Amino acid sequence: MKPATFAAPRRRFEAVPAEPLETAGLSAFGQDMLAALAASPRSIAPKYFYDAPGSALFDRICELPEYYPTRTEVGILQAQAVHIAEAIGPNAEIVEFGAGSLLKIRLLLDAMDRPSRYLPIDISGEHLAQAAARLQQDYAGLEVLPVVADYTQDLILPRAAPHAGRRVGFFPGSTIGNFTPPQALHFLRMAARVLRGGALLLGADLFKDPALLHAAYNDAQGVTAAFNLNLLARANRELGADFVLSQFAHSAFYNAPLRRIEMHLVSLREQQVTVCGRRFSFSEGESLHTENSHKFTVDSLRALATEAGFTPGRVWTDPNQLFSLHWLQAPS
Ligand code: TRP
């Protein structure tokens, strides 16, 4: 009789663990790097750029002559600070996603009416601690509460302080464009939840002449290349990997149909690398896709925010329409 022998093998099959055991105990970076290298095509989340050396390189990118977004966004913040502060209102609590070096927030704080508390969230712990200490020194009356976290994972924030004004999110730098559209929606829905009853001030880079876009991610000094390659250097430092940096090239180009800059690390020859004790081969020209930077129109950004539950309000731009800052009302 067959049915008697049928059940046993099935139970044994179900006992096989779904996750390969080799990734147990690895850091998130290790797990995601192994998954990226095992996939085809290969791609990894850009958040791993931001270890301490990567965050320092990123600060240099923001000052490059070709990299217009930072100085343009700072220009809008300076020119519109009074209007933005008015929209924020008195005693507000600011939550910044991916706060970096905490430079832009100073422009808002200086214009705001008695800000109550500032929660900068960043994945780069050491960089954040230093920047938060400097900010606290300059704004003695403000409660600065740095949060070391990956805000692409579900985020739990401290309760709003008693008697605080509304909670306003700040998400500058067009980091929204570093998500794919579904990831951007997921982030915005999470933001709508943590900012309930408040608002989000969001910076989005606008679509423009592809030659200007190309130059912004291919600077003459090679800082962006060094920033991209730091991902491999970080793997060497943290994962015992043996990437030879001179055997990979920075590649950034505009993908017109998808309206985004793509950044890749391209293997310059056929080669093998070891990461976390596992070997992977690269053919010549094979790439590891490290980042997307989507470009928006004012309307495409507002449509995305609406889909996530926000009500779009005012939009501030620069005279050349390079960059946009959006006031997005969170659901109540
Ligand atoms: N959000 C920024 C952007 O998409 C991040 C960024 C700027 C960036 N320059 C970079 C990321 C260079 C990687 C490499 O523009």
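This is a predicted model: local features need pLDDT of at least 70, side-chain atom pairs count only at pLDDT 80 or more; totals for chains, interfaces and linings use all residues.
Helix 4 spans residues 68–88. Helix 4 packs against helix 5 at an angle of about 25°, and the two axes lie 8 Å apart. Angles under 35 degrees count as roughly parallel, and helix 4 is therefore roughly parallel to helix 5. Their crossing is right-handed. On the side of helix 4, the contact involves T70, E73, V74, L77, Q78, A81, I84, A85 and I88. Helix 5 meets these residues with K104, L107, L108 and A111. By class, this contact holds 9 nonpolar, 2 polar and 2 charged residues.

Helix 5, residues 104–111, also packs against helix 6, residues 125–138. Here the angle is about 20°, with the axes 12 Å apart. Helix 5 and helix 6 are therefore roughly parallel to each other as well. Helix 5 passes helix 6 in a right-handed crossing. I105, R106 and L109 form the helix 5 side of the contact. R134, L135 and D138 form the helix 6 side. The residues of this contact divide into 3 nonpolar and 3 charged, with no polar ones.

A further packing pair is formed by helix 2 and helix 9. Helix 2 covers residues 28–38, and helix 9 covers residues 223–239. Their axes come within 11 Å and cross at roughly 120°. Angles of 65 to 115 degrees count as roughly perpendicular and those over 145 as roughly antiparallel. The crossing is left-handed. F29, G30 and M33 of helix 2 meet L231, L232, R234, A235, E238 and L239 of helix 9. This contact comprises 6 nonpolar, 1 polar and 2 charged residues.

The charged end of R234 sits over the ring of F29, 4.7 Å from the ring centre. Another arrangement of this kind involves R42 and F282. The charged end of R42 lies over the F282 ring, at 4.4 Å from its centre. Pairs between aromatic rings were also examined. The structure holds 17 aromatic pairs. Ring pairs join F97, Y151, F171, F179 and F187 into a cluster.

Two backbone features concern loops. Most residues other than glycine have a negative phi, and most peptide bonds are trans. The peptide bond from S40 to P41 is cis, with omega near -5°. P41 is placed in the loop between helix 2 and strand 1, the latter at residues 42–43. L102 has a positive phi, near 60°, although it is not glycine. This residue lies in the loop between strand 2, residues 93–97, and helix 5.

Notes. Residues are numbered from 1 along each chain as its sequence is written. Side-chain values use heavy atoms; hydrogens and water are left out. Rings of Phe, Tyr and Trp (its six-membered ring) pair if their centres lie within 6.5 Å; planes under 30 degrees apart count as stacked, over 60 as edge-to-face and the rest as tilted. A charge sits over a ring if NZ of Lys or CZ of Arg is within 6 Å of the ring centre and within 35 degrees of the ring normal. Axes are lines fitted to C-alpha atoms, for helices over the stretch in contact, and angles run from 0 to 180 degrees between N-to-C directions. Helices (H or I, at least four residues) and strands (E, at least two) are DSSP runs, numbered from the N terminus. A crossing is left-handed if the near helix is turned anticlockwise from the far one by less than a right angle, and right-handed if clockwise. Contact means heavy atoms within 4.5 Å. Ala, Val, Leu, Ile, Met, Phe, Trp, Tyr, Cys and Pro count as nonpolar, Asp, Glu, Lys and Arg as charged, and the others, Gly among them, as polar.
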